[in-house]
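Visitor: I would like to go through the charged contacts and the backbone of this model with you. Could we take them one question at a time?

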Amino acid sequence: MKVLKVPAYTIAVFILPCLLLYVCLVFVPILVSLYTGLLKWDGLTTSQFVGFGNFKNMFWHDPVFWPSVRRTLLYAVASMLEIPLCLGMAILLNRYLRRANTLVSIYFTPVILSVVIIGQLWKTIYNPTSMGGMLNGVLVSLGLESWTHNWLTEPNIAMYSLYLVSLWQYFGYHLLIQYTGVQNIPDELYEAARIDGADGFKADRYITLPLIIPIFKISIILAFIGSLQAFDLVMVMTGGGPAHATDVISTHMYNSSFLSFKYGYGSAIATFLVVVCLIFTGIINMIFNRLERKFE
């Protein structure tokens, strides 16, 4: 059978338009943001080149920056903790329910809802008054008045309240990914394992988990990077308050750029966020590449 060789220039002709579009939409804005981060600029008047002054101020003189980084990283870690739960639930659904697609679709419903709708819904649930707030109302009816809180206005618990909403919103998203990955594992492998005496969780240990690692890695990266860029839900529910208690990197960048008119400083924060995303993506890829080699 003769193999048709495609000339290199033909491949380049088809790849080049998409590559140029990707460069213009991704790399050019990053470079522009990096350059703008070297300026003292309010976005309107003449800019002043200050070098790494914005970065020095960000790292050593901004009292909001490092707490926002800590909250963002906690946000990202919390988002990853639900993925093993999604994988376990996907395995159980695939094993015990013949038509689990409907149930998975129901879990996926919050993902397709607008963030504004989700934010307003949970603000109603978190309402501190017993009449208007569902959560406090349930706690009072159960005799747990001491557990009631002003969920979005108490600095010590406001961020954890946002974590819970984010986990609820994207649970169905990661469940769908894991469920699809589990379904794509050939049944012949489980049948062969059953003949050899490996069934149930033992089969999952030696078949499901090794084969699901690439899908699991995708969910981890999407959850982690998506949480590092968390913005819309925080802005809808708290706006970064009270007293910056729920500020994450993205909201701090927004407030610095568009409310404080420190556009150059906001670009420096954006550059930092891009670098952090790239670093953690590389670390996650390295960890999962080692896991894949281990199970080969």
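This is a predicted model: local features need pLDDT of at least 70, side-chain atom pairs count only at pLDDT 80 or more; totals for chains, interfaces and linings use all residues.

Visitor: Which side chain meets D204 in a salt bridge?
Guide: Side chains of opposite charge can pair when their charged atoms come close. The structure holds 1 salt bridge, and in this contact the N to O distance is 2.2 Å. The partner of D204 is R95.

Visitor: How many residues apart are R95 and D204, and which helices hold them?
Guide: R95 belongs to helix α3, which covers residues 65-96, whereas D204 belongs to helix α9, which covers residues 201-228. The pair thus links distant parts of the chain, and the separation is 109 residues.

Visitor: Why does R95 count as partly exposed?
Guide: Partly exposed lies between the buried class, under 20%, and the exposed class, over 50%. R95 counts as partly exposed because its relative accessibility is 29%.

Visitor: Where is the proline that a cis peptide bond joins to G241?
Guide: The cis bond, with omega of about 0°, joins G241 to P242. P242 is found in the loop between α10 (232-237) and α11 (249-259).

Visitor: What is the phi of H244, and what is the phi of F261?
Guide: H244 sits in the loop between α10 and α11, while F261 sits in the loop between α11 and α12 (263-295). Neither residue is a glycine, yet phi is positive, at about 65° for H244 and about 55° for F261.

Notes
Residues are numbered from 1 along each chain as its sequence is written. Side-chain values use heavy atoms; hydrogens and water are left out. A salt bridge is a side-chain nitrogen of Lys or Arg within 4 Å of a carboxyl oxygen of Asp or Glu. Helices (H or I, at least four residues) and strands (E, at least two) are DSSP runs, numbered from the N terminus. Buried means under 20% relative accessible area, exposed over 50%, partly exposed in between (1.4 Å probe, protein chains only).
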